[in-house]
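My entries follow the order in which I checked things.

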Amino acid sequence: MTSSASIQLHIANAIPPGNEKETSDIIALWQEVSGFFADKSFSSRSDFRGDVHDYHVTLDAGPLLKALENARTESGSFTEHQQAFIDDAGKIMEGGLIITIASEKQELAEEESYQVATAFIQQLVMATHIACPGSFQILNARFLGENAHLYEAQHFDARIFYGAYKTAIENEWPKLRNLAFGEVWNWLEGTEVSQTYTAIKSIDKSLFTLLKVAEQRNEYSARTALLVMYQIEVLLDCRQFNSLEDVRNRTRLVLGNIPEAADCLQELHEVRNHLFTANQPVHPPMLICHTAERALREQLGQHNSAVESGTALVLKLFQDLVAHGAYRYRFTESFTRD
């Protein structure tokens with residue numbers, strides 16, 4: 001007997017940034033996503049103990065896609081729509097997702113359905129940003145329906161990934177490209193990240209940290225820099241405290257020479273070390289408003305360019321692994337005697 005539940009996620013601020021071309025690319029991605037999930041098998045952790053079960057998931061992304069298409073029709077691009085919203089609160093910024101979860105093995109408990117829906121949303125965040133950086137935004141979100149008030153929706157920003165994408169274009173490195181969503185999703189399924197409650201494998205550690213980065217808003221402080229540097233070191237298997245040269249050399253091996261303008265590694269490394277020695281300045285959480293980004297970029301202790309360049313590097317490493325159907329880099333050190 002099949003048991004099913006539908007989880008409705010309402011996103012009050014669902015429009016990510018993007019110029020006309022980027023807006024079209026993001027809408028194309030969500031059109032692909034909309035047709036991808038129809039009774040799709042999905043293995044997921046089902047509770048806080050980490051028990052794993054098999055489910056079938058169907059995603060209705062229609063409300064979100066409609067909001068994205070409306071923003072393009074009204075304003076020409078997502079960024080222009082965001083600007084128009086500042087002067088006109090009547091502009092539609094909200095969208096939503098409906099996730100239907102089915103289980104053939106047992107009665108689907110309410111909390112279990114929200115656990116599975118959350119794991120699915122997290123993997124959707126990973127997949128969309130690896131496939132098309134900056135394409136998915138879940139801000140001011142909440143679940144709808146009976147007893148939905150008992151469960152808190154998680155929030156993920158698109159801004160840091162969009163900033164990484166724009167920085168990569170400006171620096172002409174690394175070369176980020178749009179990938180087919182299905183290719184990225186199938187690769188993520190191979191990592192078994194949705195089945196993991198505590199990451200042990202390096203790839204799962206870096207993917208979970210990608211979610212932590214997505215939780216950061218427009219404040220790219222030392223905490224964000226630490227998360228980005230951690231991802232780079234995990235992906236490149238550099239675990240020593242003073243591993244900057246190893247990180248730099250392995251980055252060159254995988255992605256080629258690093259242009260000076262894109263070389264964020266020294267700053268990220270120094271920020272990490274200053275945190276451990278308690279020499280890093282600390283700010284309180286900032287008011288989030290439409291003028292915050294400009295003000296924060298001028299504030300001491302922000303690491304905007306390093307964080308964005310580092311995130312671009314992380315996304316490129318993920319894209320490279322996807323393209324080669326791989327889940328880790330294996331480096332071998334050798335020497336000769338002359």
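I began with a term: a salt bridge is a side-chain nitrogen of Lys or Arg within 4 Å of a carboxyl oxygen of Asp or Glu. I also noted that this is a predicted model.

**Entry 1: R272 and E233**

I looked up R272 and E233. Their side chains meet in a salt bridge, at 2.9 Å from N to O. R272 lies in helix α10 and E233 in helix α8 (residues 222-235), so the pair ties together parts that are 39 residues apart in sequence. Are these two buried or exposed? I found that R272 is buried, and E233 is buried too.

**Entry 2: the count**

How many salt bridges does the structure hold? I noted eight. I then picked out others to look at.

**Entry 3: D25 and K21**

I turned to helix α1, which covers residues 20-36. D25 and K21 both sit in this helix, four residues apart, or about one turn. They form a salt bridge, and their closest N and O atoms are 2.8 Å apart. I checked accessibility next. K21 has 55% relative accessibility, so K21 counts as exposed. The cut-off for exposed is over 50%. D25 has a relative accessible area of 21%, so D25 is partly exposed.

**Entry 4: K166 and E22**

I stayed with helix α1 and looked up E22. E22 forms a salt bridge with K166, with the closest N and O atoms 3.0 Å apart. Which parts does this pair tie together? K166 lies in helix α5 (residues 159-171) and E22 in helix α1, so the pair joins parts that are 144 residues apart in sequence. E22 is buried because its relative accessible area is 7%, and buried means under 20%. K166 is partly exposed, with a relative accessible area of 31%.

**Entry 5: a network**

I checked E245, R248 and D263. These three are linked in a network of salt bridges.

**Entry 6: A262**

I moved on to A262. Where does A262 lie? I found A262 in the loop between α9 (244-255) and α10 (265-276). Why does A262 count as buried? Its relative accessibility is 5%, so A262 counts as buried. I then listed its contacts, leaving aside neighbours within four places in sequence. A262 is in contact with N171, W173 and S309. I looked up N171 again for its spacing. N171 and A262 are 91 residues apart along the chain, yet their C-alpha atoms are separated by 5.8 Å.

Key: Residues numbered from 1 in each chain as written. Predicted model: local features only at pLDDT ≥ 70, side-chain atom pairs only at ≥ 80, totals over all residues. Heavy atoms only, no water. Helix = DSSP H or I, 4+ residues; strand = E, 2+ residues; numbered from the N terminus. Buried < 20%, exposed > 50% of the residue type's maximum accessible area, 1.4 Å probe, protein only. Contact = heavy atoms within 4.5 Å.
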